[in-house]
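The following note concerns helix packing and strand pairing. Please read the numbered points alongside the sequence and the structure.

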Amino acid sequence: MRIHIYLFIMSFVLLFALPANQTIAQENNKPELSERDSSFERWREQFIQKAVARGHQESVVRELLLGLTPDEKVLERDRFQPEFTRPIWEYLRSAVSDLRVANGKAALKQHQELLHHLQDETGVPATVITAIWGLESAYGKIQGDFDIIRSLATLAHDGRRRNWAEGELLAAITMLEQGDVSRQNLTGAWAGAMGQTQFLPSTYLAYAVDGDGDGKKDIWNSKADALASTANYLRRHGWQANKDWGVEVKLKPGFAYELADDTVLSIGSWQARGAEPYSGRKWQQAELGDAARLLLPAGALGPKILTGKNFRVFKRYNNSTAYALGVGLLSRAIAGKDGLSESWPKHQKPLSRAQIKEMQSLLKQAGHDPGGVDGMAGPNTRRALRAYQHQIGLIPDGFASTQMLENLRVNHKKPGAH
Ligand SMILES: [Ca+2]
């Protein structure tokens, strides 16, 4: 108790008397606080006031945060920016590896009663729940052993994502106050995702459910709770029962590729524009729901997929096209079905961040706004690229390739550049 009172007083001294760490160090005969530690303590005091204003008990919050220091490992990962984004085919090779498929089939068999019960209850196929489980935590095996409170406090103090991290930290505190989990067991991945479902604390509060009926929502240790929570999350985000997530298609010559990404049409309208199932079978009525989009993950040279609402529900789990495609293809492989027929354009070299930035600048010069020069080929860059390709008479697939960069360099060389 004495140590708590001491730390409690020290925190107030820090709050009201900064910069006074030298004085504190002398008075308490302790080593001087580093600049970062004192900045962390300033953040902590501000956060405690915020938490109190939201109705949390000050003594509880203070006790949780006292003695914490920023976690260097968390900062390293948060700042890591690879020069090259991994091509989607490489991501999928790992997401839908033989091992993950085999383990998924085994998991589906072992837990078939639970998974089929969840399928009946929510309309989410057992294979889809299993696939997400496999991608999130390797079927419960890899959950992360970071201290969630420390990780989120580190990210909140660092400031790059302060509002987000403080919101998640408050949610984690609510979990502890509610008795959902003990402080010691509140562990997960470095950026706050927890348990077999890799839920963030705010997601846990909103969507975790008690699958085995013991009164607790234990997404770390109870498979029934974790899988029921995943199924509940998908259902609450609009999962459409008895609809597929995507169908690989063939596009007829002269197809209007500028419809990719953004345009939402019925299956009938896509069919009228020249999209047919790759396998040669007939379309089934509304098999993707009534609103489908065309996905060209690697442009006109790679697989083409019509995606339905359920594909966008996958993206609510993790807002990445590669991830959503990983879930869809893994669920299909676990069900024993075939993957994509068209091969990936593996000869295409990925562009570096610097090259994507250059492409974005050149697109801007050509009069097509990529929505910022950030080195990420997102929807706005693809849209600008499609407009440029359309303008110069190329297939407007929006795929950022070395050929397109070369084309832009030749046609839109900066004045004075060689
Ligand atoms: Ca439970």
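**Note on helix packing and strand pairing**

1. Ile129, Ile132 and Trp133 of helix 9 are in contact with Leu227, Thr230 and Ala231 of helix 13; contact requires C-beta atoms, placed from the backbone, to lie within 7 Å. By class, the residues of this contact comprise 5 nonpolar, 1 polar and no charged. Here Ala, Val, Leu, Ile, Met, Phe, Trp, Tyr, Cys and Pro count as nonpolar, Asp, Glu, Lys and Arg as charged, and the others, Gly among them, as polar.

2. This is a predicted model, in which local features need pLDDT of at least 70 and side-chain atom pairs count only at pLDDT 80 or more, while totals for chains, interfaces and linings use all residues. Residues are numbered from 1 along each chain as its sequence is written. Helices (H or I, at least four residues) and strands (E, at least two) are DSSP runs, numbered from the N terminus.

3. Helix 9 (residues 126–137) packs against helix 13 (residues 223–236) at about 110°, and their axes are 10 Å apart. Axes are lines fitted to C-alpha atoms, for helices over the stretch in contact, and angles run from 0 to 180 degrees between N-to-C directions.

4. For helix 10 (residues 148–158) and helix 11 (residues 162–178), the axes come within 8 Å and cross at roughly 155°. Helix 10 is therefore roughly antiparallel to helix 11, and the crossing of helix 10 and helix 11 is left-handed. Helix 10 contributes Ile148, Ile149, Leu152, Ala153, Leu155 and Ala156 to the contact, and helix 11 contributes Arg162, Ala165, Glu166, Glu168, Leu169 and Ala172. These contact residues divide into 9 nonpolar, no polar and 3 charged.

5. An open sheet is formed by 4 strands in the order 4-3-6-5, with antiparallel pairing; two strands pair if DSSP finds at least two bridges between them. Strand 4 (275–277) and strand 5 (293–295) are the edge strands, each pairing on one side only. On average, neighbouring strands of this sheet are turned by 45° against each other, direction ignored.

6. Strand 3 (residues 246–251) pairs with strand 6 (residues 305–307) in the antiparallel sense over 3 bridges, and Val247 has Leu306 of strand 6 as its bridge partner. Strand 3 also pairs with strand 4 in the antiparallel sense over 3 bridges; there, Pro277 of strand 4 is the bridge partner of Val249.

Key
Angles under 35 degrees count as roughly parallel, over 145 as roughly antiparallel, 65 to 115 as roughly perpendicular and the rest as oblique. A crossing is left-handed if the near helix is turned anticlockwise from the far one by less than a right angle, and right-handed if clockwise. Two residues are in contact if their C-beta atoms, placed from the backbone, lie within 7 Å.
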